[in-house]
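Please read them beside the coordinates.

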Amino acid sequence: NEIIDFVTYADQQALEHQAVCKLTIDRVSKVVTSLWPSSRVEVVGSFPTGLWLPSSDIDLVVVGVSYGAKGTIGPASTRFLLGCLERDLRKEPWLHSIQAIPTARVPVIKLVSKEGNVPIDITFSESSTVHTAVSARNLVIQHVLWFPALVPLALVLKTLLRERGLNNAYTGGLSSYCLVLMIISFLKKRAPLPSIVYDINFASLLLGFLEFYGVDFDYMRTGISIKKGRY
């Protein structure tokens with residue numbers, strides 16, 4: 001099965017990069033907690049879910065930074081905190097490049113490490129408790145456990161979108177999270193599926209996914225739901 005072979009190869013590539021990725025995450029976390037001892041850094045996005053490719057960014061969210069009377073941070077204070085973190089990160093010898101984008105819809109710091117060229121995006125949670133990206137991460141992890149077909153389909157489709165320059169929502173493409181939700185909805189519609197990976201016909205699922213969202217799905221009138229595969 002070529003899809004299984006591809007997933008095995010992608011997993012091996014990701015495994016080779018994991019050590020340097022985790023080292024870079026630890027280094028960022030150390031800088032963050034030196035500035036705000038009560039804070040923590042949450043790893044979100046595809047890296048902790050098993051859907052990460054070595055070409056993908058690693059998304060970090062700084063949680064637990066209280067700023068202001070109500071313990072929350074707004075747009076102005078987020079830009080200030082972003083500037084503080086960028087200033088201290090620039091002093092780190094392991095840093096290759098860094099860019100703060102305070103005017104983005106979600107203010108972000110984008111950096112790349114010298115070792116391994118690990119690309120990382122850092123944002124701040126506007127709440128001192130749970131960030132929506134953390135909830136999204138936990139939801140994806142839960143469905144990865146429920147659907148063995150989710151990881152292979154997601155890795156193949158993410159690679160397909162990346163090779164065609166369609167993997168960024170802000171340039172007219174499709175975000176990784178949106179793609180995963182589409183796959184989850186599709187798999188729930190096709191359930192029940194075999195629980196053993198090698199018993200799953202991935203070619204049929206892949207073609208079925210492409211046909212459903214490429215031909216059958218009415219984007220003007222219909223939205224997806226991951227609750228029991230409803231629409």
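**Notes on the helices and their packing**

1. On one side of H6, Leu207, Gly214 and Val215 are exposed. Exposed is taken as over 50% relative accessible area, buried as under 20%, and partly exposed as in between, with a 1.4 Å probe and protein chains only. Helices are DSSP runs (H or I, at least four residues) numbered from the N terminus. The model is predicted: local features need pLDDT of at least 70 and side-chain atom pairs count only at pLDDT 80 or more, while totals for chains, interfaces and linings use all residues. Residues are numbered from 1 along each chain as its sequence is written, and side-chain values use heavy atoms, with hydrogens and water left out.

2. The buried residues of H6 are Phe202, Leu205, Leu206, Gly208, Phe209, Phe212 and Tyr213. Viewed down the axis of H6, these buried residues fall within an arc of 165°, so they line one face of the helix. The arc is that of the directions from the helix axis to the C-beta atoms. An α-helix has 3.6 residues a turn, so residues three or four places apart point the same way.

3. H6 runs over residues 202-216, and its 15 residues reach 20 Å from first C-alpha to last, close to the 21 Å expected at 1.5 Å a residue. The expected span is 1.5 Å times one less than the number of residues. At the start of H6, a side-chain oxygen of Asn201 comes to within 3.3 Å of the backbone nitrogen of Ala203.

4. What covers the buried residues of H6? The cover includes helix H1 (2-35), helix H4 (150-163) and helix H5 (176-190). Contact here means heavy atoms within 4.5 Å.

5. The whole structure holds nine aromatic pairs. One of them joins Phe186 and Phe212, and is tilted, with 6.3 Å centre to centre and 40° between the planes. This pair links distant parts of the chain, as Phe186 is in helix H5 and Phe212 in helix H6, 26 residues apart. Rings of Phe, Tyr and Trp (its six-membered ring) pair if their centres lie within 6.5 Å; planes under 30 degrees apart count as stacked, over 60 as edge-to-face and the rest as tilted.

6. Phe186 counts as buried because its relative accessibility is 2%. Phe212 is buried as well, with a relative accessible area of 12%. Leaving aside residues up to four places away in sequence, Phe186 touches Leu205, Gly208, Phe209, Phe212 and Tyr213. Ring pairs also tie Phe186, Phe209, Phe212, Tyr213, Phe217 and Tyr219 into a cluster.

7. The largest nonpolar core has 35 residues, and those with the most contacts inside it are Leu150, Ile183, Phe186, Leu187, Leu205, Phe209 and Tyr213. H1, helix H3 (132-146), H4, H5 and H6 each supply at least two residues of this core. A second, separate core has 30 residues, among them Val20, Ile58, Ile98 and Leu111. A nonpolar core is a set of buried Ala, Val, Leu, Ile, Met, Phe, Trp, Tyr and Cys residues joined through side-chain atoms within 4.5 Å.

8. H4 is mostly covered, with 11 of its 14 residues buried. The cover over these buried residues includes H1, H3, H5 and H6. The end C-alpha atoms of H4 are 20 Å apart, which agrees with the 20 Å that 14 residues should span at 1.5 Å a residue. After H4 comes Gly165, whose phi is positive, near 65°.

9. The side chains of Arg162 and Ser55 make a polar contact at 2.5 Å. A polar contact is a pair of N or O atoms within 3.5 Å; within protein, one must be able to donate a hydrogen and the other to accept it, and residues adjacent in sequence count only if both atoms are side-chain atoms.

10. His143 lies in helix H3 and is buried, at 3% relative accessible area. The side chain of His143 makes a polar contact with the side chain of Lys188 (3.2 Å). Not counting residues up to four places away in sequence, His143 touches Leu150, Ile184, Lys188 and Ile226.
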